[in-house]
Each structure stands twice: as C-alpha cells, then as structure tokens.
Protein chains: 2
Amino acid sequence: MARPTPLSGFPEWLPDGRIVEQHVLDVLRRTFELHGFAGIETRAVEPLDQLLRKGETSKEVYVLRRLQAADEESAGRARGDSDGAGLGLHFDLTVPFARYVLENAGHLAFPFRRYQMQKVWRGERPQDGRFREFVQADIDVVGAGSLPYHYEVELPLVMADALGALRELGVPPVRILVNNRKVAEGFYRGLGLDDVEAVLRGIDKLDKIGPDAVGELLVAEAGATSAQAAACLALAGISGDDATVVDRVRELAARHDASTDLLEEGLAELGALVAAAAARAPGVLVADLRIARGLDYYTGSVYETVLVGHEDLGSICSGGRYDTLASDGTTTYPGVGLSIGVSRLVSRLLSAGLVRATRSVPTAVLVAVTSEELRSRSDAVAAELRARGVPTEVAPSAAKFGKQIRHADRRGIPFVWFVGDATQDGAPGQDEVKDIRSGEQVPADAATWAPPAEDLLPRAVAVG
Amino acid sequence: MARPTPLSGFPEWLPDGRIVEQHVLDVLRRTFELHGFAGIETRAVEPLDQLLRKGETSKEVYVLRRLQAADEESAGRARGDSDGAGLGLHFDLTVPFARYVLENAGHLAFPFRRYQMQKVWRGERPQDGRFREFVQADIDVVGAGSLPYHYEVELPLVMADALGALRELGVPPVRILVNNRKVAEGFYRGLGLDDVEAVLRGIDKLDKIGPDAVGELLVAEAGATSAQAAACLALAGISGDDATVVDRVRELAARHDASTDLLEEGLAELGALVAAAAARAPGVLVADLRIARGLDYYTGSVYETVLVGHEDLGSICSGGRYDTLASDGTTTYPGVGLSIGVSRLVSRLLSAGLVRATRSVPTAVLVAVTSEELRSRSDAVAAELRARGVPTEVAPSAAKFGKQIRHADRRGIPFVWFVGDATQDGAPGQDEVKDIRSGEQVPADAATWAPPAEDLLPRAVAVG
C-alpha cells in the first residue's frame, strides 16, 4: 500500500489542529447549554424525497447504495428498505431537525430549543473554505403553531455570545449582519416588483458580480425598470448598527412611494432587533439590507456573519426565521435558527496561523522507565497522577533517559517523571520531575505534585 | 408532510437519551485523555478499494454517488473524483486510522496514541443492539516498525478504567475477555491443524451454534479428526483470571503432544497480561480461550467485553493486536486497539432503564416575564446568571405566572425566577426564586444565587 494522499474537500486535522477544533466545539456547546439549548444528534441519512424538496440543493446530495444491493436484486432477494435505496446524506442540519421535530413532536415541549453539532455532506466542487464534508453547529428554537418575534432577537445574540466566547481562544471578532425578508419584500412590492424571489436572487449576487451586473440582472430576470433596479440597489446599500437605519429605509421608500404595511412590519422588527443588540452586544450586530440568503424558506429575519479581517471567507454563521419548513398537516412548526460553519472557521484559524494548540497531546507527564522489570513501578506512578487528574503516559521503552526525554520532547510532553531507585534496605527512593523546557528538575511526590494549571491540559491560544 | 416514522437501524435519541449518550462520551474522552491518547477525527468516507481489502466486510459497505453524476457523465462533463464514485462510508474506525497514520506518518511521533469517537455505517440487517449507523469509541497505539508487547497489556486496562468510570453513571460492571492468537494458532498447529483461519472461524461460532455443531464444522471445514476437534473445543473451554489458566492450557497441550514454540510465546504473553490485570484491575480482565474474533488481521492478543447481566447483547468493546494493517512499503505500523460500541451500550442503558438523565434540558432556571414591555429585565437577570455559569432561559411569553411555571415543569426546569417589581420611586424590587419541585420560594439576588450543585447541570444517573 503506497502512501495515501488527502481527498480534496474532505478535511482532516493533525492532532494539534483537532485540539483547536475540539476547543471551538466545547466553547460552543458550553454557551449553547448556558442558554438552555438541549443537544441532539440526528442520523446522517434522510429519505431522498425530503432532501430534494427544495430543488435548488438537489445537485449537492450524496446518494447511498449498499454495495451488494444490485446482486441481491438480480437474484430476486431485494429486501425493501435494506438496500439503502432512496437515502442520501444530509446537506445541512435544518432539514433533519425539522423531520426530528415532526417525528417526536409528542415528546417535546415547545418552544423547543436545540443545538446540534454534526458533519454534513455536499457534493460541491471544493475550494477555499468550501468542503464536501464539514462540521456545522446549529441552534434553533421551534414553536408549535406560532413563535414570537423575540426569538429572532435572541438567537443572533446567543451566537454573538458564543462567537464572543471564542475570542479567548484567539478567534477574531465577528460582525453579524441582519436583514428582514419583510423589509425587502415589502419594499420590492411597494416598488411594483412582484417576483420577489427573482429580486432576492439578484441581490444575493452583489458580492460576486457587483452592483452594475446585479442591476442588469434585475432588469433582465426580475422584470424591473432601471429606476426600480436602482432603488433595489439603493436599499441594499443601507447598513448600520443604530435606529437611523430604519429611518433611512423609510425615507428611501417614501422617495419611491414604495411604503407598504409589510415594509413597516419588517422595519418595526428590524428596529427592535437593532435596539436590543445595541444594548446587549454593542458593535456586533449590524443591520445590512444587502443580506438576502439564497434559500427560499426564510420568512422574517435573515443573518450572515463575517470574521473581521477575513471577509473573503464568506459567511461563517448564517440563518433566519422560517415558517413553513415543518408541518404535519395539522400543526406547523415555525422556527428561527443559525448555523456556524465550524470547519470553515477552524480551517481558516489553522491555515492563517491565528490559533494554535499549546501541545499536540493531552499528556502532561511522561513517566520514565528505568528497566522493563521495573515498568510496573512507573505504571503505578502514572495511575496515581491520573487519579488526581493529571494526564500521564509511561515511556515506550527502558531506553537511556536522554532518549526517553527526547521522546517526550518529540511528543510535546512538558514533564518527565523519574521514579527514584529503592534504597538498599528496600525503602522507596525519591522521585523527581523535570520540566524539559527549562531543564529544571525537582524532587516530587506523585501523591501531591501537580503541573502548573496552564500545563495541565493542552489549550487553544492566539498565535503571537 | 405526514408525520415521518423512524428508519430501522438508524437510532436517534430524545434529548434526555442524548444527555446519557453525551455523558458516556464525555467520560470516555476524559479517561482516554488522562491516559495520553490524542483525539482525532477522520472523514466519513474512504476509497472503496481500501474498504474492500478484507473481503469479509465488503457486503456491509454503503457506496456513495453524487445525485447528478450520471447526468454529467451523459453530458460528457464527468469531472474525475468529483462524482463521489469509488467512495464508501467507513464501517469501522480502524481502517481509516491505518490510512491516517500512513498519510501523516511524517507528522506523528511513534508510538502514536489516539482515540477516535465517530459514527460508522454498515448495511447490515438491523436487530437488537445491531445498527446500520452507530457510534464507536476507539483507542489504538501504533508503532513505526515495531510495538512492544506491554501495550497489549496496557490497552485493555485503559478500557477497564474507562468502563469502570462509567459505573458512576449507572452502567453495569463489565468483564473483558482476553485471548491470544499465538496460543490458538500454536495449539492448532501443534495438533497438526494448519488451516488456522478455518478453525478460528468455527470456534467464533460457539456462542451461536454450540459446541457439537462447531465440532462438526471443524471436521467438515478445517480438516480436523474428531479427536482434534475435541481438543480445540477443550482449549476453548478454558478460562480464568489467574495464572492457572496458563498451566491448564499447557497441560492440555502436553496431553495432546501439541506444544509449540508459538504456543509457549503466546502463553508467556497471556500470563503476563493476566498477572498485570490481577494487580491493576482485579476481576475485570479474564483470560478466555474461546475468544476468536472473526477479522483476520489480528496477530496477538484479542479482546471482547460483556456487560455483566447483559451477555445477550454481545461484545460492547472488542479489538486486538495487528501487525500488518498499515504499511507504506518501507515501514509497517503494528498496533493494538479496542473499540467500544457506544450506540449498542447506550441503547441498552436506555431500553433496559438502567440509566436516566436527571432532566432533559440543560436549563436550571426559567426567568419569568412579567409583561412583554419588561422582557429586557428578565433578559438581564438571565445574562447575569449565565455569566456565573448557571444555564438559564427566559419564558416564551408573559403569560400568567401559573402558566409560566407549568412551562418550566413541562421542560423539566427545576427553578423559576421572578423579577421583583420596581418600587414607586424606581428602586429595583426584590427578586425571588421558586424550586418548583418543593414549591419553596425565597428572595434571591442574580449576582450571588446559585442552584445546589446537583441541579446545576443535567446528570446521567443510575435508575433506582
């Protein structure tokens, strides 16, 4: 077997990179639980008809098949569902969550708050920050029948809290950009543009193709006059983190005689969100009327998030309010949620050298072995240290101490423990522990010694 | 969309079940890290040719295909690897780990210790404790070129430690059964049976079909005489947790004139393991000469683990020593590892009612809302409690307090917080907190109050 090469689009980290990713996940989990979100995990597969409900994403799905299914069919032994036919890997965590809510509605208390951190798969062409297999971390609140607007304010603030907690690890600050579909739709309809989705699709391309091309697109595909297209672009140009944003939209609408009840409803919501955000996470949430979100199921607030200084990466945390994603015919379950692209974020943290692990192993202490006959004494010291919470391993062989120290150094283990020689009358000897970074070696007792707190476990820290 | 039904073989837990699973995973991770194992995660897919190297498992693989790959091919736009052709979902974590080691050998320090907790997929017919998608938790140590025997002693003891730590959660005790391929092979060859794999395959069926049928199988398929078959069954009947096991095997071999150097080598190893286990985890590890393990890559120790009182579940933690799983042509990487079937274990814990979560949400406190106008005051209390590590959420609506308390009760939240009315001169009022289980309500200050430690977070506890 020759040395295998990585598979494009399927990222894997070396152990030190995994420590960074694990710390990110731990901080997110901790924050989500502080806010009362219950963790769930859904299976990786969903029925294809569910995955393909939205035509837009159908191209990205990986379909499953059991290897011998074809053989069995030809032998007349097909066993119903068991060939995996009709199953695909989920491409996000929202569709599986909606299905989970419907399936378990009788066992859940609504509004139901959940977080979910799992891999998802998309058969897209891989590129920087865009993978075929990646980890998402989602929070959603779903109501039975109705869901008050205040959750549209709360959820991005939870994410602001979570992403803010990551700053201790060295993650750059973020800016969460907020818009409201009601504002956009109300404005477009006020202008006389009824193909709202076509306008949103055009506006969604602003970052990629620029305002001139989007203007042409709106004329060509959304039936806009150039004046209407210019008004849409003017709306998309408005942003800010205080109440003047609402005033500016209102003025623009008045100028174009485009005010509608829907617009006013959206502006009231957006204004409330901006006001709450200014009080609870100043500078983090910004109203940005350019945010459109391609997916068609959003009905209220929509969110995108940029890593400050890394705007080229695209959004690392997106979502919105949805009203019709889950319905069992009797009850609909409206919700609001956001999803962090964990792999995209971690990949940038590592590739740009922003965050590093303080070491690549959990081990704080390597217990040296004097001779293979005495290995059990080293094992006993290790067990004693572990019982007090100190991650410890025993040297692989009774090599010369210099070689054992070099092994610790190569593994990134900060301390090497030497078991004292028993005295001639059999009394235990004096153990010593060496900090191999400073070279300092001191007497130590496995029943009481502990490493400095910052050396106990590997940590993720900002570089530089 | 009608209410969806569960997919057989793809287990999912309700939030309280997930808390139990998450606690199991947390305890395992903690123990593995205490023993110096670094966590890694590998992608879910591997090239099919790697997955099919061992013919035995080929039937269980789920193959991937991008949904529109066929369209593209017919349109002459096939793009190499991008259709997912030639990829399958991994069916264990050992094959991906071996590939990871080869791919990253230049960046790893050997012996390399890693743990890995991920989902795997097998297209098997689902039954009790046997799933198509399930979580495994693996530890392995891999050397470059060689790996000393003492790791075959250490690894099952790490698992004994990990599974022992789970007893605090209410998991029943376990018994780890150990055998050594060298003993089995040395004995069979000493008897004159050279088709060792055929004998092992037969012995592996003991639990399923019983000794008589296995005896017939050995005659029919392994070329054994009935006397040889009887000797193999006699070997498989030996078990025990002290040195007499080795003596009994040696006597049996002498009686059949079946002693070989390989047998003696295996017995020396097995004896060392039993002795170390008796000192470090008395009663947990048992030598059992019946343990065969179907997979053909094991070359030394093999392990299986039963949950005491739940032997019908089959092994919940298996593995062994392998010498030839990973090689890049220049260096081979021998290893030893064990894998816990987390889903199988958790499924039994839940279905047999052995372990339960103390509540189904992380939330310890629900802050009541007096009126929607005053929601921000409740938000502020919640933020203050969270800042001190108390998981808190705010009531969904300013309903009557009785209804808000019932909402907490339905969600399983133990405490409800009432924000005091401001006095007429604007001074803040006195907050109160109610334990809704006892009904006790006391004055409280969000800057200092904390729930009892056992109520801070949901816990997994033994039932009864």
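Modeller: The discussion below takes up the terms in turn, and it concerns a predicted model.

Colleague: To begin with the overall picture, what does chain A contain in the way of helices and strands?

Modeller: Chain A holds 15 helices and 19 strands. Its C-alpha trace spans about 100 × 65 × 45 Å along the principal axes. Of the 464 residues in chain A, 59% are buried. Among contacts in this chain between residues at least 6 apart in sequence, 70% join residues at least 24 apart.

Colleague: Which residues touch the most other members of the largest nonpolar core?

Modeller: They are A:Phe32, A:Phe187, A:Tyr188 and A:Ile203, in a core of 87 residues. Helix H5 of chain A, residues 150-165, supplies the largest share of this core, with nine residues. Another core lies apart from it and has 86 residues, including B:Leu28, B:Leu200, B:Ile316 and B:Ile340. As general background, nonpolar side chains in soluble globular proteins tend to be buried together.

Colleague: What does A:Tyr188 touch, leaving aside residues up to four places away in sequence?

Modeller: A:Tyr188 touches A:Leu193, A:Val196, A:Val199, A:Leu200, A:Ile203, A:Cys232 and A:Leu235. A contact here requires heavy atoms within 4.5 Å.

Colleague: Why are H6(B) and H11(B) called roughly antiparallel?

Modeller: Helix H6 of chain B (residues 181-191) and helix H11 of chain B (residues 261-280) pack at an angle of about 155 degrees, with their axes 7 Å apart. Angles over 145 degrees count as roughly antiparallel, and H6(B) and H11(B) are therefore placed in that class. Their crossing is left-handed.

Colleague: Which residues make the contact between H6(B) and H11(B), and of what kinds are they?

Modeller: From H6(B) come B:Lys182, B:Val183, B:Glu185, B:Gly186 and B:Phe187; these meet B:Leu262, B:Leu263, B:Glu265, B:Gly266, B:Leu267 and B:Glu269 of H11(B). The residues of this contact divide into five nonpolar, two polar and four charged. Gly is counted among the polar residues in that division.

Colleague: What makes B:Thr94 a buried residue?

Modeller: B:Thr94 has 12% relative accessibility. The cut-off for buried is under 20%, so B:Thr94 counts as buried. This residue lies in helix H4 of chain B. Apart from residues up to four places away in sequence, B:Thr94 touches B:Asp138, B:Tyr297, B:Tyr322 and B:Leu325.

Colleague: Why is A:Asp257 called exposed?

Modeller: The relative accessibility of A:Asp257 is 67%. Exposed means over 50%, and A:Asp257 therefore counts as exposed. A:Asp257 is placed in the loop between helix H10 (244-255) and helix H11 (261-280) of chain A. Its phi is near 55 degrees, a positive value in a residue other than glycine.

Colleague: What is the phi of B:Asp257, and is B:Asp257 buried or exposed?

Modeller: B:Asp257 has phi near 55 degrees, which is positive although the residue is not glycine. With 67% relative accessibility, B:Asp257 counts as exposed. Its place is the loop between helix H10 (244-255) and H11 of chain B.

Colleague: Finally, where is A:Pro111 found, and what kind of peptide bond joins A:Phe110 and A:Pro111?

Modeller: A:Pro111 is in the loop between helix H4 (94-104) and strand S5 (112-121) of chain A. The bond joining A:Phe110 and A:Pro111 is a cis peptide bond, with omega about -5 degrees. In chain B, the peptide bond from B:Phe110 to B:Pro111 is cis, with omega near -5 degrees.

Terms used:
Residues numbered from 1 in each chain as written. Chains lettered and ligands numbered in written order. Predicted model: local features only at pLDDT ≥ 70, side-chain atom pairs only at ≥ 80, totals over all residues. Heavy atoms only, no water. Core = buried A, V, L, I, M, F, W, Y, C linked by side-chain atoms within 4.5 Å. Buried < 20%, exposed > 50% of the residue type's maximum accessible area, 1.4 Å probe, protein only. Helix = DSSP H or I, 4+ residues; strand = E, 2+ residues; numbered from the N terminus. Axes fitted to C-alpha atoms, helices over the stretch in contact; angles between N-to-C directions. Parallel < 35°, antiparallel > 145°, perpendicular 65-115°, else oblique. Left-handed = near helix turned anticlockwise from the far one by under 90°.
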